[in-house]
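Q: Could you walk me through this one before I set anything up? I'd like to go residue by residue where that helps.

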Amino acid sequence: MVESKVNQGTEQLLPETFSWQLCRQILCQWLLIMLIISAMFWKFEIEGMFLGLLFSALLVLIALLDCRYLLIFDRLVLALLLLGLLPLLLGRMSCEEACLGAALGGGFLGGLRLLYPRGMGWGDVKLAAALGGWLGLAGMLVCLYIAFIAGSLYGLGIWLKMRSVKNLVVPFGPFLVMGAIAAFAFGTHCQDLVEAWLCCP
């Protein structure tokens, strides 16, 4: 049975803990998105394809649940963190790079959370730290860049449509997921992208 609570702002019943029962309601969306994402990793080598699909499958689940409940469940973030040992064990990521990526993701969003608590949840901070372990420093920079650009464009679109964003709650998790999957797909090109951005006049 799923424990739940009521969101006082919307009177929506929100689950307090993750349960696989929650996934039944988003299964069709998850399968459709994964079908699209699988095309991104089709030309990867077997090892890279396996890691990419595993990484994406968990992230898409996190994003869909965040869109639905405005929650990023700790159990899923912990699973992402533990699975982040795979790139280390397979030699695709150094321990130093993983730690730097985690520090950047968690530290940067943690700082934003402290500066503006209403704009960022702790779930986003923990998710970013776990993503950094998968992506490394350069990959996390690309992830954050894409996430903030996509989030800003979405917010601008909402403002142009409604002419107001007062009391609007937009989950940031899906944008982090979008940036993370793109950064993972870029792979070794992330370092080149970061250097190109830094060299731009």
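Q: Let's begin with Leu59: is it buried or exposed?
A: Bear in mind that this is a predicted model. In it, Leu59 is buried, because its relative accessible area is 0% and the cut-off for buried is under 20%.

Q: Which helix is Leu59 in?
A: Leu59 belongs to helix α2, which covers residues 46–69.

Q: And what is Leu59 in contact with, leaving aside its neighbours within four places in sequence?
A: With those neighbours set aside, Leu59 is in contact with Leu80, Leu127, Leu131, Val177, Ala180 and Ile181. As for C-alpha distances, Leu59 and Ala79 are 20 residues apart along the chain, and their C-alpha atoms are separated by 10 Å.

Q: What about Leu89, buried or exposed?
A: Leu89, which sits in helix α4, is exposed, since its relative accessible area is 72% and exposed means over 50%.

Q: How far apart are the C-alpha atoms of Leu89 and Tyr154?
A: The separation between those C-alpha atoms is 37 Å, for two residues that are 65 residues apart along the chain.

Q: Switching to α5, what span should it have, and what do its end C-alpha atoms give?
A: Helix α5 runs over residues 95–115, and because each residue is taken at 1.5 Å, its 21 residues should span 30 Å; the end C-alpha atoms are 30 Å apart, which agrees.

Q: Which residues of α5 are buried?
A: The buried residues of α5 are Ala98, Gly101, Gly105, Gly106, Leu109, Gly110 and Arg113. They lie on the same side of α5, because the arc they cover around the axis is only 135°.

Q: Then which residues are exposed on the other side of α5?
A: There, Glu96, Leu114 and Leu115 are exposed.

Q: What do the buried residues of α5 pack against?
A: They pack against three helices, namely α4 (85–89), α6 (122–162) and α7 (173–186).

Q: New topic: how much space lies in the second largest pocket?
A: The second largest pocket holds about 470 Å³ of space. Its lining has 19 residues, and the closest to its centre are Arg92, Met93, Leu135, Gly187 and Thr188.

Conventions: Residues are numbered from 1 along each chain as its sequence is written. This is a predicted model: local features need pLDDT of at least 70, side-chain atom pairs count only at pLDDT 80 or more; totals for chains, interfaces and linings use all residues. Side-chain values use heavy atoms; hydrogens and water are left out. Helices (H or I, at least four residues) and strands (E, at least two) are DSSP runs, numbered from the N terminus. The expected span of a helix is 1.5 Å times one less than its number of residues. Buried means under 20% relative accessible area, exposed over 50%, partly exposed in between (1.4 Å probe, protein chains only). The arc is that of the directions from the helix axis to the C-beta atoms. Contact means heavy atoms within 4.5 Å. On a 1 Å grid over the protein atoms alone, a cavity is a set of points where a 1.4 Å probe fits but cannot get out, and a pocket is an open set with protein on both sides within 12 Å along at least five of seven lines; lining residues have an atom within 4 Å of a point. Grid points are joined across faces, edges and corners, and a volume is the space filled by probe spheres set on the points.
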